[in-house]
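Me: I am new to this structure and would like to learn how to read it feature by feature. Could you take me through it slowly?

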Amino acid sequence: PHLQCKPKAVVSTQSTGIDRIAGTAQKTGMLVLGGGLVKHHICNANLTRNGADFVVYINTGQQFDGSDAGATPDEAVSWGKIKSDAPKKPVKVFAEATLIFPLLVAKTFAEDFSKTKK
């Protein structure tokens with residue numbers, strides 16, 4: 001049977017879908033693995049709503065090379081892609097996303113699982 005529930009995460013490969021979702025959301029968050037074109041579209045979608053509320057970038061990009069991945073959250077704040085008064089400070093993790101992201105997910109679900117067992 002089809003379960004009717006509100007999604008906690010939205011994954012979209014179409015920029016028009018991302019724009020529509022970001023434009024109507026009460027709050028948005030960006031978890032960006034890597035950089036480049038996808039990061040560009042996600043950040044721009046949040047620009048139309050005066051910035052994202054929660055942001056984590058995970059990539060190996062460095063600022064000095066001028067790449068999109070190398071840009072820090074501070075740069076996105078200056079463009080209005082991240083709210084300057086975001087509830088939590090935006091974070092950039094300088095690491096290989098394919099290594100770090102599974103560890104973050106595992107830690108998150110391990111804590112959630114241990115709480116339900118008590």
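What follows is a dialogue about strands, loops, contacts and rings.

Me: What kind of model is this, and how are its residues numbered?

Reply: This is a predicted model, in which local features need pLDDT of at least 70 and side-chain atom pairs count only at pLDDT 80 or more, while totals for chains, interfaces and linings use all residues. Residues are numbered from 1 along each chain as its sequence is written, and side-chain values use heavy atoms, with hydrogens and water left out.

Me: In which sense do strands β2 and β3 pair?

Reply: Helices (H or I, at least four residues) and strands (E, at least two) are DSSP runs, numbered from the N terminus, and two strands pair if DSSP finds at least two bridges between them. Here β2 (residues 54-59) and β3 (residues 91-94) pair in the parallel sense over 4 bridges, with V56 opposite V91 in β3. Between β2 and β3 the chain passes through helix α3 (residues 73-79), and this β-α-β crossover is right-handed, a term used if, with the strands pointing away from the viewer, the path from the first strand over the helix to the second runs clockwise.

Me: Is T28 buried or exposed?

Reply: Buried means under 20% relative accessible area, exposed over 50%, and partly exposed in between (1.4 Å probe, protein chains only). T28 counts as buried because its relative accessibility is 11%, and T28 lies in the loop between α1 (15-24) and β1 (29-33). Contact means heavy atoms within 4.5 Å; leaving aside residues up to four places away in sequence, T28 touches A22, N46, R49, G51, A52, D53 and F54. The side chain of T28 also makes a polar contact with the side chain of R49 at 3.3 Å (a pair of N or O atoms within 3.5 Å; within protein, one must be able to donate a hydrogen and the other to accept it, and residues adjacent in sequence count only if both atoms are side-chain atoms).

Me: What is the phi of N50, and where is N50 found?

Reply: N50, although not a glycine, has a positive phi of about 70°, and N50 is found in the loop between α2 (37-47) and β2. N50 counts as exposed because its relative accessibility is 63%.

Me: Over which ring does the charged end of K39 sit?

Reply: A charge sits over a ring if NZ of Lys or CZ of Arg is within 6 Å of the ring centre and within 35 degrees of the ring normal. The charged end of K39 sits over the ring of Y57, 4.2 Å from its centre, and that of K81 sits over the ring of W79, 5.4 Å from its centre.
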